Amino acid sequence: MTEPREPDDHHFKPPMTARRETPRAGTWGRLLNRATPSMTPRARARHFNAKGSVQRVRPVRSAAGGMRRVMVKVRVVPMTGASKRALTFHLRYVERDGAGAEGERGEIFDAQSDAADTKSFVERTDGDRHHFRLIMNPEDGRDLPDLKAFTRDFMNRLEEDLGTPLDWVAGAHYDTGRPHLHIVLRGKRDDGQDLVIPRDYVSHGMRQRSQELATEILGPRQDRGVSERDVTADRFTPMDRTLVAQVREGSLILGGLPEDQRSDALRRLVHLEARGWAQRVKPGLWSVPSHLRDTLHKVGEREGREAAATRAVWGGRWGGEIERLQPLEIGAGETVVGAYAGVRPIGFYGNGPQALVMETMDGRLGHVRLPSLDSALILDRVPERAIVSVTGKARPERASDRTIAEIAQERGGTYSTHDHHLARPDDSPAFIERHVRRLEAMSREGACRALGDGRFAISADYVAKASLADQARHGAVDLEVKVLDVRPLEQQPQAWGITWLDDVMSDRAKAPTSPALAAEVRELGRQRAETLKGWGIGSGEPSGLGKDETRKLLGMDLNGQMKRLGQDGKLVQIAQEGKAFSGTYVDRGHINGQTYAVIGGKGVVTLAPWRPALEACRDQAMIGVLQGGLVDFQFGPQRGRGLGLEL
């Protein structure tokens, strides 16, 4: 694995949406202007995101009906203490070597210049609450005569719709086989207020504007037909999106589709019928369940998980044993230990769900689904056959939901930022803002009710409803990955420090039950005992180690880790409850089954609980304190404000 980076979405993949219907061409500006200029940014956001605030009508034209396809991906990036540096690195990536049309260095441009001043742009973002990063990927990008002019026309249309001039820079990448654009947009309006873009406009309006523009330049999209692979695919396809859009009260009338789509639609429906996902009522009339989209997404992800697991082991130790791969389902309270085989993203986006493959102690070559790249980041630079564990934990209630419920109970069943500030005056505005965003998401899930003006009706069972909504989206079980020993199994007999083999010999870890693996571990344990005897530890027999021997090995492990990280010669301490510590985040270390953040000070190295969020803060000065098992880290010159990373 490598450090995560901005994805190059050069392979066209139409966005997956169901019955979120978008306004017809030309109506976005009128709908956006319904928000009066006197509205605050948050009031404007509530206006557009409130259920039923914007009438949704079926578009006259779609990509399948002649519009050129364009994928637009939008990411909102909060501006924190380290964000200026991250933004600078992102812009360097946009103008990287080889990204130009002829293999030259990429160019950053803006509305007026073909050579934008990126340093000035980054300085202008200082003090902004957020900025937007857009990736715009036209399906026919190779045919567009001028991507810079296309970008400027697109941004002009956004300015008209949003009612404000926009401050942006962009760059085009030609080195991926499909030319595409990276755009960075400041989160400020011309009047100095925060730029708040309505959710529906982010989801649909930007894509529609870009498709209109591409169609005006290149003409209507020629019908390219539907491939046999799409007709028989067990996943959610563009044809399924067309079918779902035609469903009314569980029924689909084939005659309601354009005539040139009916043949392919019928073939697709026949396949869905054979799989048990649709039913023919009579000629031309089909029954399509409301959960078809979710079903196809789940089936498609299962196939994607199997494909990712195959990629994870391909070319490695288990590359010739693909037929052994099988899914592992881990329940709450269950722990599976195994030899690490690999991890790969499920689907196209590298920061999405991941497939972790491991050879378990009972001999299975199994794969589990991890929800995101962050959950797999602990495996970065971990070699094959390192010993890892995956533990299933019941998804807990969120602390933010409990806080919301407590405040609402004190305030008569309602929540607002004003109520929160009165009830918890020490909470920062950024902390309160995260609670509001959580409630906006939960109102869409039906766990609470938006009353307008930033107020929400919170029922007595809100926490339970919010927890159920999380389980429906992410699953009832949360998986935690640990690295029990970062060294491959065959290297552990000679390892300078405490190993998983030592734990097996001391009965602190269960021995494998697979005959082949058990025999290998017994032989490696014998070799380990001989090695330890040569160091003056143990009797030379593969038996348990005493406390003093274990402590000596642990000290050797710590010394080896500190030497590797250039921190040798310093006092090493574990973060203690209630005691502050300071230093620079150097790296993480896997020691005796635990993963620590190594914080290097002038004469002391502190080992604190590690979390993936720290990887964005490598080589940064920080202070921290352990309270109730959680470490609160604060970074750099803005230590007083902190980043709210409760690790």
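At 27% relative accessibility, Trp535 is classed as partly exposed, because its value falls between the limits of under 20% for buried and over 50% for exposed residues. The model in which this residue is described is a predicted one.

Two aromatic pairs are found in the structure. In one of them, the ring centres of Phe109 and Trp168 are separated by 6.1 Å and the ring planes meet at 90°, so the arrangement is edge-to-face. Phe109 belongs to strand β2 (residues 108–109) and Trp168 to strand β4 (residues 168–173); the contact therefore ties together parts that lie 59 residues apart in sequence. Phe109 is buried, its relative accessible area being 0%. Trp168 also counts as buried, with a relative accessibility of 3%.

Trp535 takes part in an aromatic pair with Trp496, in which the ring centres are 4.9 Å apart and the planes stand at 65°. An angle over 60 degrees counts as edge-to-face, so the pair of Trp496 and Trp535 is assigned to that class. This pair links distant parts of the chain, 39 residues apart. Trp496 is located in the loop between β17 (477–485) and α16 (500–505), whereas Trp535 is located in the loop between α17 (515–534) and α18 (547–564).

Charged side chains are also placed over aromatic rings. The charged end of Arg293 sits over the ring of Phe236, at 6.0 Å from the ring centre. Arg588 lies over the face of Trp610, with a distance of 5.2 Å to the centre of the ring.

Helix α15 (residues 462–474) was examined for its length and its burial pattern. Its 13 residues should span 18 Å at 1.5 Å a residue, and this agrees with the 18 Å separating the C-alpha atoms at its ends. The expected span is 1.5 Å times one less than the number of residues. Within α15, the buried residues are Tyr462, Val463, Ala466, Ser467, Ala469 and Asp470. Viewed down the helix axis, the buried residues of α15 fall within an arc of 160°, so they line one face of the helix. These buried residues pack against α12 (399–410) and α14 (429–445). The exposed residues Leu468 and Ala472 are carried on the face of α15 that is turned away from its buried side. After α15 comes Gly475, which has a positive phi, near 100°.

Methods. Residues numbered from 1 in each chain as written. Predicted model: local features only at pLDDT ≥ 70, side-chain atom pairs only at ≥ 80, totals over all residues. Heavy atoms only, no water. Phe/Tyr/Trp six-rings, centres within 6.5 Å; stacked < 30°, edge-to-face > 60°. Helix = DSSP H or I, 4+ residues; strand = E, 2+ residues; numbered from the N terminus. Buried < 20%, exposed > 50% of the residue type's maximum accessible area, 1.4 Å probe, protein only. Lys NZ or Arg CZ within 6 Å of the ring centre and 35° of its normal. Arc of directions from axis to C-beta. Contact = heavy atoms within 4.5 Å.
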